[in-house]
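Me: Hello! Could you walk me through this structure, step by step?
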Amino acid sequence: NGPNLNLLGEREQSQYGVITFNELKKNCLRKSEELDVKLEFVQSNIEGEIVTWIQKAKETYDGIIINAAAFTHTSVAIRDALQIFKKPKIEVHISNIYNREEFRKKSLISDVVTGGIFGMGSHGYILAIIAMHKIIKNENK
Ligand code: DQA
């Protein structure tokens, strides 16, 4: 989770809903426990910190689910780090970035991830966890 997502619940509710960051985190951890998947749910406002997490994930994790928030549209560094991470990657956006301002329509990471979910509200995170679990388990059904 990239910048300002810690303020979910209070920022632009018409785009991001009323769910708080902590509620979202709880929901995601609950779903991953249900699926018996280890999930680390993190957020940073600092681009370099996210780059470092992605680099470290290479050793520890089977996949990355990323909502890079505003960095989606600006960060070559996050794009490059994701490109180096050779395992499954899912891009999530709470809002539909394609029906908003022009500058949000360009994602610098969409073409280096496995797939993406946008516009489904916070449900997108849960859908991404389910998809990642299936991808990692190699379930095509
Ligand atoms: C976002 C969309 C981005 O354009 C925005 O900067 C965000 C959140 C989303 O989840 O819809 O911070 O990634």
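Reply: Happy to! Rings of Phe, Tyr and Trp (its six-membered ring) pair if their centres lie within 6.5 Å; planes under 30 degrees apart count as stacked, over 60 as edge-to-face and the rest as tilted. This is a predicted model, where local features need pLDDT of at least 70, side-chain atom pairs count only at pLDDT 80 or more, and totals for chains, interfaces and linings use all residues. Residues are numbered from 1 along each chain as its sequence is written, and side-chain values use heavy atoms, leaving out hydrogens and water.

Me: How many aromatic pairs does a search of the whole structure find?
Reply: A pair of aromatic rings is described by the distance of the centres and the angle of the planes. For Phe-21 and Phe-41, these are 5.3 Å and 50 degrees, a tilted pair. Searching the whole structure gives a total of 3 aromatic pairs.

Me: Which residue around the ligand has a side-chain N or O atom 2.7 Å from a ligand oxygen atom?
Reply: Polar contacts are pairs of N or O atoms within 3.5 Å; within protein, one must be able to donate a hydrogen and the other to accept it, and residues adjacent in sequence count only if both atoms are side-chain atoms. Asn-67 has a polar side-chain atom 2.8 Å from a ligand oxygen, and for Arg-104 the distance is 2.9 Å. The one at 2.7 Å is His-73.
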